[in-house]
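The following note concerns the ligand site, the pockets and the overall fold. Please read it alongside the sequence and the coordinates.

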Amino acid sequence: EPTYETLLVETRGAVTLITLNRPKALNALNSTVMTEMVAAMAAFEADPTQGCAVVTGSGEKAFAAGADIKEMATKSGAEFFSEDFFSEWTSKVVKATRKPWIAAVNGFALGGGCEVAMMADFIIASENAKFGQPEITLGVIPGMGGSQRLARAVGKSKAMDLCLTGRMMDAEEAERAGLVARIVPADQLLDEAMKAAEKIASLPPLAVKANKEAVNVAFETTLDAGLLMERRIFQVVAGTEDKTEGMAAFVEKRPGVWKGK
Ligand code: CAA
């Protein structure tokens, strides 16, 4: 397995565990983290033994406290624009990954940290998690989805509140608002996230990809077009060998055995 400078990557059975690992900088996301996340997610996506990934932060304090402010401080506007800074998070970490991944948020998820958590298919938060988009306090705006994914996740009013004041919200508020799927005690976070990921990885892999794709359509299109896409995706997976097996297994009261075909 390749080794990384800013990530710990480990396969545990069918689950890839990716840990953002710059604890002294509260796992701030610099260019190396981005490049390595692109590589780690591509390796996860390409490995047929892997069915789901968990992304978390090292240390007790933070998932990630944002994009690396020290790296951004000296960059010019022209440099940000010419590099199309932050674009690979969406094109290579999000869009190129058809298998699901879960964010296990273990502390601060601020700015880019909140944004990476929102790139995941869902968020499991520890009870001490804190979410926010404090970019306004630095004289900028979110750049990796904070104004867009957050508005879709929690609605306009709370997204505006968070982006305009830069305040943090705790795990309870984030769950009430629909940002977070579940809250768990801090010492159980990784276990719970791994259990959810193992469950997903044990299910028919084509149906897993199809479910992810279908839910994501809801954020891209009208209801009518989305319902049509849903039926088409349903009809495609209904033609798989795993569908035949899954329905036979139900009728015969036994567990299914999946081929990914
Ligand atoms: N970038 C670079 N370094 C960071 C960082 C960041 N985003 N967040 C924390 N660090 C570093 C600190 O500079 C400090 O390093 P030193 O020990 O070398 O001084 C170390 O991590 C520990 O941090 P603190 O001493 O500040 O820890 P704290 O417990 O007092 O405070 C905190 C914790 C409230 C999270 C505070 O660190 C903080 O406010 N961090 C910045 C949060 C932020 O503004 N994030 C948004 C970044 S912009 C962005 O993300 C753009 C985008 O949309 C993509």
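**Note on the ligand site and pockets**

1. The ligand is surrounded by 24 residues, the closest being Lys61, Gly112, Glu115, Glu135 and Gly143; a residue counts as near when one of its heavy atoms lies within 4 Å. The model is a predicted one: local features need pLDDT of at least 70, side-chain atom pairs count only at pLDDT 80 or more, and totals for chains, interfaces and linings use all residues. Residue numbers start from 1 along each chain as its sequence is written, and side-chain values use heavy atoms, with hydrogens and water left out.

2. Polar contacts are pairs of N or O atoms within 3.5 Å. An N or O atom in the side chain of Lys61 is 2.5 Å from an oxygen atom of the ligand. From a ligand oxygen atom to a backbone N or O atom of Gly143 the distance is 2.8 Å, and a polar backbone atom of Lys24 is 3.4 Å from an oxygen atom of the ligand.

3. On its own the ligand has 1,000 Å² of accessible area, of which the protein covers 66%; areas come from the Shrake-Rupley method with a 1.4 Å probe.

4. Helix H2 (69–72), strand S6 (108–110) and helix H5 (112–119) are the elements that give two or more residues to the shell around the ligand. H2 gives the most, with three residues. Elements are DSSP runs numbered from the N terminus, helices being H or I of at least four residues and strands E of at least two. The shell comprises 14 nonpolar, four polar and six charged residues; Ala, Val, Leu, Ile, Met, Phe, Trp, Tyr, Cys and Pro count as nonpolar, Asp, Glu, Lys and Arg as charged, and the others, Gly among them, as polar.

5. The largest pocket holds about 1,200 Å³ of space. A pocket is an open set of points on a 1 Å grid over the protein atoms alone, where a 1.4 Å probe fits, with protein on both sides within 12 Å along at least five of seven lines; lining residues have an atom within 4 Å of a point. A volume is the space filled by probe spheres set on the points, which are joined across faces, edges and corners.

6. Of the 34 residues lining the largest pocket, Met119, Ala120, Asp121, Asn216 and Phe219 lie nearest its centre. H10 gives the most to this lining, with eight residues. By class the lining has 19 nonpolar, six polar and nine charged residues.

7. The second largest pocket has a volume of about 440 Å³. Its lining has 22 residues, with Met72, Glu135, Leu138, Val140 and Ile141 closest to the centre. H2 and H5 each supply at least two residues of this lining, which divides into 15 nonpolar, five polar and two charged residues.

8. The chain has twelve helices and ten strands. Its C-alpha atoms fill a box of roughly 60 × 45 × 40 Å along the principal axes.

Key:
Polar contact = N/O pair within 3.5 Å; in protein donor to acceptor, adjacent residues only side chain to side chain.
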